[in-house]
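Open the model in your viewer and keep the selection panel at hand. The stops below are meant to be taken in order.

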Amino acid sequence: MAGITIWNYFAVCLTDVSNVFQSNASIFGKVYFPRLIMPLTTIVSHLMRFFIQYILFLCFIVYFYLKGLVHPNLWVIFIPFILLIMAILSLGLGLILSSLTTKYRDLSMLISFGIQLFMYASPVIYPVSTVPEKYLWLVQINPLAPIFEYMRFAYLGVGHFNPLSLIYSFLFSVFILAIGVVIFNKVQKTFMDTV
């Protein structure tokens with residue numbers, strides 16, 4: 001549940017941001033406003049859904065803490081930073097994918113399937129320690145892996161967590177966001193012709 005809680009936020013944001021052009025084509029065609037507002041509102045609006053899931057997750061943590069099965073530590077205070085990384089990464093990837101779906105409409109169906117597959121490629125439901133040594137490098141280049149290890153370490157008190165790996169995740173997310181904004185700004189000028 002530690003991994004699923006944060007994964008759900010990432011997956012729903014990525015899916016909705018990648019469909020922002022198609023789902024809001026009627027609004028974009030009538031009134032001009034900065035187009036980047038729609039993906040940003042998607043990211044912010046899904047925070048409410050995340051907080052409900054997070055509160056349920058904390059109830060489980062309290063229950064298992066009272067039983068002596070989990071050992072949360074002070075790293076739990078970094079959850080806003082983790083949310084920021086997830087929001088930036090999902091926004092950046094979503095902007096890139098939404099730009100592609102204006103030209104290739106069927107890509108939106110592939111995106112939802114791809115997100116489900118990517119969940120199993122990321123250590124959401126399994127710890128990194130269970131990955132065989134020869135495949136460990138694949139997990140380590142995944143920018144989401146440190147986030148799930150953080151959740152296990154901070155809330156459950158288990159796992160191997162390197163704080164420097166969060167810096168890698170943050171820098172990777174900012175890089176993807178920069179690429180996404182550039183592509184989105186190029187496509188937004190002509191997307192009404194293709195949507």
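This is a predicted model: local features need pLDDT of at least 70, side-chain atom pairs count only at pLDDT 80 or more; totals for chains, interfaces and linings use all residues.

**Stop 1: H4 and H8.** Select residues 37-66 for H4 and residues 145-156 for H8. How far apart are the axes of H4 and H8, and at what angle do they pack? The axes lie 11 Å apart, at an angle of about 45°. An angle between 35 and 65 degrees is neither roughly parallel nor roughly perpendicular, so H4 is oblique to H8. Now show side chains: Tyr54, Phe57, Leu58 and Ile61 on H4 meet Met151, Tyr155 and Leu156 on H8. Seven residues of this contact are nonpolar, with no polar and no charged ones.

**Stop 2: Tyr155.** Stay on H8 and centre on Tyr155, one of the H8 residues in that contact. Leaving aside residues up to four places away in sequence, Tyr155 touches Tyr54, Phe57, Leu58, Ile61, Val70, His71, Pro72, Val76, Ile79 and Tyr150.

**Stop 3: the cores.** Which residues touch the most other members of the largest nonpolar core? They are Ile6, Trp7, Tyr150 and Tyr155, in a core of 44 residues. At least two residues each come from H1 (2-18), H2 (20-23), H4, H5, H6 (107-121), H8 and H9 (163-188). H5 gives the largest share, with ten residues. Another core lies apart from this one; it has five residues, including Val128, Val131, Leu136 and Val139.

**Stop 4: H5.** Select residues 79-103. Of the 25 residues of H5, 18 are buried, and the helix is mostly covered.

**Stop 5: Gly68.** Step back to the loop between H4 and H5, where Gly68 sits. Gly68 counts as partly exposed because its relative accessibility is 42%, which falls between the cut-offs of 20% and 50%.

**Stop 6: Asn142.** Finish in the loop between H7 (136-140) and H8, and select Asn142. Is Asn142 buried or exposed? Its relative accessible area is 6%, under the 20% cut-off, so Asn142 is buried. Not counting residues up to four places away in sequence, its contacts are Phe118, Ala121, Ser122, Pro123 and Tyr168.

Methods
Residues are numbered from 1 along each chain as its sequence is written. Side-chain values use heavy atoms; hydrogens and water are left out. Helices (H or I, at least four residues) and strands (E, at least two) are DSSP runs, numbered from the N terminus. Buried means under 20% relative accessible area, exposed over 50%, partly exposed in between (1.4 Å probe, protein chains only). Axes are lines fitted to C-alpha atoms, for helices over the stretch in contact, and angles run from 0 to 180 degrees between N-to-C directions. Angles under 35 degrees count as roughly parallel, over 145 as roughly antiparallel, 65 to 115 as roughly perpendicular and the rest as oblique. Contact means heavy atoms within 4.5 Å. Ala, Val, Leu, Ile, Met, Phe, Trp, Tyr, Cys and Pro count as nonpolar, Asp, Glu, Lys and Arg as charged, and the others, Gly among them, as polar. A nonpolar core is a set of buried Ala, Val, Leu, Ile, Met, Phe, Trp, Tyr and Cys residues joined through side-chain atoms within 4.5 Å.
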